[in-house]
Amino acid sequence: YEIINTKKNGEFQIDLKPGIYTFFILKNEKAYLNNFDGVGNFSHTEVKDNIKNFIIRDYQNAYF
């Protein structure tokens, strides 16, 4: 695993090799993941060649 610090606006930059990843958001020493498979399991993200942007949204305090 690797911890990546973001800028104040949440942006970050990292080069990832193609593969399967699970992205967590760390806030106040707690890990948060808002990406699930619909039955309560963590959903993984497949990173392929030439991805320029990948957006991770924090919906922890959102109301829908």
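Where does Asn28 lie? In this predicted model, in which residues are numbered from 1 along each chain as its sequence is written, Asn28 lies in the loop between E2 and E3. Local features need pLDDT of at least 70, side-chain atom pairs count only at pLDDT 80 or more, and totals for chains, interfaces and linings use all residues; side-chain values use heavy atoms, with hydrogens and water left out.

Strands (E, at least two residues) and helices (H or I, at least four) are DSSP runs, numbered from the N terminus. The loop between E2 and E3 also holds Glu29. Phi of Asn28 is near 50°, a positive value in a residue other than glycine. Glu29, likewise not a glycine, has a positive phi of about 65°. Relative accessible area is classed as buried (under 20%), exposed (over 50%) or partly exposed (in between), with a 1.4 Å probe and protein chains only. Asn28 is exposed at 75%, and Glu29 is exposed at 85%.

Two aromatic pairs were found in a search of the whole structure. Rings of Phe, Tyr and Trp (its six-membered ring) pair if their centres lie within 6.5 Å; planes under 30 degrees apart count as stacked, over 60 as edge-to-face and the rest as tilted. The ring centres of Tyr21 and Phe23 are 6.0 Å apart and their planes stand at 25°, so this pair is stacked. Tyr21 is partly exposed, with 23% relative accessibility. In the pair of Phe24 and Phe42, the centres are 5.2 Å apart and the planes are at 90°, so the arrangement is edge-to-face. This pair links distant parts of the chain, 18 residues apart: Phe24 is in the loop between E1 and strand E2 (25-27), and Phe42 is in the loop between strand E3 (30-32) and strand E4 (45-47).

Ile25, in strand E2, is buried, with a relative accessible area of 19%. Not counting residues up to four places away in sequence, Ile25 touches Lys30, Ala31, Tyr32, Ile56, Arg57 and Asp58. The C-alpha atoms of Ile25 and Asn9 are separated by 14 Å, the two residues being 16 apart along the chain. Thr45, in strand E4, is buried at 13%. With the same exclusion of residues up to four places away, the contacts of Thr45 are Gly19, Ile20, Tyr21, Phe23, Asn35 and Phe54.

The structure holds one salt bridge, a term for a side-chain nitrogen of Lys or Arg within 4 Å of a carboxyl oxygen of Asp or Glu. Lys7 forms this bridge with Glu11, and the closest N and O atoms are 4.0 Å apart. Lys7 is exposed, at 54%, while Glu11 is partly exposed, at 46%.

Ile4, Phe12, Ile51, Phe54 and Ile56 make a nonpolar surface patch of about 380 Å². Patches are made of residues with over 30% relative accessible area and no salt bridge, like charges being joined within 9 Å and nonpolar side chains (Val, Leu, Ile, Met, Phe, Trp, Tyr) within 5 Å. Accessible areas come from the Shrake-Rupley method with a 1.4 Å probe; for residues, only the protein chains shown count as cover. Ile4 lies in the segment before strand E1 (19-21) and is partly exposed, with a relative accessible area of 32%.

Note on methods. Contact = heavy atoms within 4.5 Å.
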